[in-house]
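These notes are meant for a colleague opening this entry for the first time. Please keep the sequence and the model side by side while going through the points below.

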Amino acid sequence: MNRVLILGGYGGFGARLSRRLAGDGWTVIVAGRDIARARGFARTLQGSEALRADREGDLVPVLAEARPDLLIDAAGPFQGNSYRVPQACIAAGVHYTDLADARDFVCGIGELDHAARTAGVAVLAGASTVPALTGAVLRELAAPLDRVDAVDMALGASTAATGGALIAAAALSYAGKPIRVWHGRRWSEAFGLHGLQRRVFAVAGRRPVTRWVALADIPDLELAPQALPGAPAASFRAGNESAAQMIAGRMLSALVRQGWLRSLTALGGMLLPLQRRLARYGSTRSAMSVEAAGWRGDEPVLRRWTVIAEDGDGPEIPVLAAQLVARRLRDGALEAGARDTSRLFALGDFGPLLGGLRAATEIEETAHPPVYRRVMGAGYDRLPEPVRTMHAIVGDGGAEGEGTVERGAALLARLAGAIGGFPPAGHYPVHVAFAERDGIERWTRSFGLHRFHSHLSQAGRRIEERFGPLRFQFDLPGDELGLRMVLRGWSAFRIPLPRFLAPRIVATERAEGDDFVFDVAVALPLVGPVVHYRGRLRRV
């Protein structure tokens, strides 16, 4: 095994991979549509060759001429792409891998398994940061846990590292489009480049990296819930250091979500040159974090792996898995068949390669008690089990049941209920999705097709519930029967408001058998009842 053909071998990631494999002693065949660029780059690698190859054309005669042992597709993009290239490799008896991060492409590669086994070749999709490295990290983080409730991944690239056509095309392909996510113990929809968040990546001894990141569609959203104990929720966000770019991307993605644009892909010709111009003003620092939140026995735990890469070494990380594939192939350690790479490597396999970069990694573990436990202290343990279970939220969770809604009849009550997003009166199937990050819980309550949500967090020895700009602080007296929520203060836009104007809220939680029973009534002074919703739930 000594000949490797790299499609796009002179591109941003392909060139890095070509250098690495040449250093490992492979004869690298630099291939692509631009033969002049291929020849020019091949001259920089000792013993390398150049070849014109179009991944959209007929590759069988190309493979017959080049006679590679392994083909690596570093060209992409893979979103919406067919299996033309791996099928050509199977027909020619050539092993195959790629740098794909496209969810459908990577997760569906198993359909070629029978053909690959018959041909005696390995066909491996996704030999890149996702899902090869992330899969290895997640298994490492989950190893000491009995159950994982949520995994969260975030990639904060340097602006320079996000200037390539491959990455830009991938992001534009799913911007504003529905993304299927496992959240709240059921499949639901989120939207590409939505969910914009500011993340801080930290490793001991290194200056932190701060990035704005937004939801991206990757294979791990499908693979992680299947691979880890507890079938955890999974999320992945990516972004770069330019807040302006990320906010603009979020705004443009909204045009797609609302149906005003079919896709942002058509804007690539205009956006990519602009991004390249902005790249010169960015830094050379990149970072990534992978988190697993779950339980070791009765102990809630958050485990996090972080890498910070300096001096432009971040873009080396996406090609490390492909280098490992090539090494395993040469060692005769790869079985024939078609599969993704999420379970192919252990984190330790990446250690020597990461150690050769100007990068630092760290795994940290912290206790991660749910917010109600933090607020109530010892009183939390006196609550009945169904109530404790409902509030044992670490990262993510869900509950199902049924409920009834009554709405106030007065005009102002109907207006207040509409502003609050409360469902119309009626009896409904109920689902509650819990999401928690940094100690703040988001409860999304679905009564049939009607949804409303709030955020709960700790405010000293009280719980604070936020509905938009309104915040309500409650005491939580509880005993063996359940708990009550007693309003002690409220504010709008963080400005305290007088208690005599506060809504009258009567909220209780109790247990009936294995059921969690809730009852919430809200009324306004001089207006009367606004909403009264009650029902029963069980965690799923």
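Predicted model: local features only at pLDDT ≥ 70, side-chain atom pairs only at ≥ 80, totals over all residues.

1. Which residues of α10 are buried? They are Q245, M246, G249, S253 and V256, and because they fall within an arc of 90 degrees when seen down the axis of α10, they line one face of the helix. An α-helix has 3.6 residues a turn, so residues three or four places apart point the same way. The exposed residues A244 and M251 are carried on the face of α10 that is turned away from its buried side. Just after α10 comes G259, which takes a positive phi of about 85 degrees.

2. A search of the whole structure for cavities of 30 Å³ or more finds one, and the volume of the largest cavity is about 90 Å³. Its lining is made up of G135, L138, R139, D220, L223, A224, A227, L228, S342 and R343. Sorted by class, that lining has five nonpolar, two polar and three charged residues. At least two lining residues come from each of the helices α7 (129–142) and α9 (220–227), and α9 gives the most, with four residues.

3. Helix α9 deserves a separate look. Six of its eight residues are buried, so α9 is largely enclosed by the rest of the structure. The buried residues of α9 are D220, L221, E222, L223, A224 and P225; D220, L223 and A224 are also among the residues that line the largest cavity.

4. Some backbone details are worth checking against a general rule: most residues other than glycine have a negative phi, and most peptide bonds are trans. Helix α7 contains P131, and the peptide bond that joins V130 and P131 is cis, with omega about 0 degrees. R185, although it is not a glycine, has a positive phi of about 70 degrees; R185 is found in the loop between β8 (178–183) and β9 (186–191), and its relative accessible area of 27% makes it partly exposed. L526 likewise has a positive phi, near 65 degrees, in a residue other than glycine. The loop that holds L526 lies between β27 (515–524) and β28 (528–539), and at 94% relative accessibility L526 counts as exposed.

5. The side chain of S454 makes a polar contact, at 3.0 Å, with the side chain of R445. L487, which lies in strand β24 (residues 482–492), also counts as buried, with a relative accessibility of 10%. Along the chain L487 and R504 are 17 residues apart, while their C-alpha atoms are separated by 8.2 Å.

Notes: Residues numbered from 1 in each chain as written. Heavy atoms only, no water. Buried < 20%, exposed > 50% of the residue type's maximum accessible area, 1.4 Å probe, protein only. Arc of directions from axis to C-beta. 1 Å grid on protein atoms, 1.4 Å probe; cavity = no way out; pocket = protein on both sides within 12 Å on 5 of 7 lines; lining within 4 Å. Points joined across faces, edges and corners; volume = space filled by probe spheres on them. Nonpolar A, V, L, I, M, F, W, Y, C, P; charged D, E, K, R; others polar. Polar contact = N/O pair within 3.5 Å; in protein donor to acceptor, adjacent residues only side chain to side chain.
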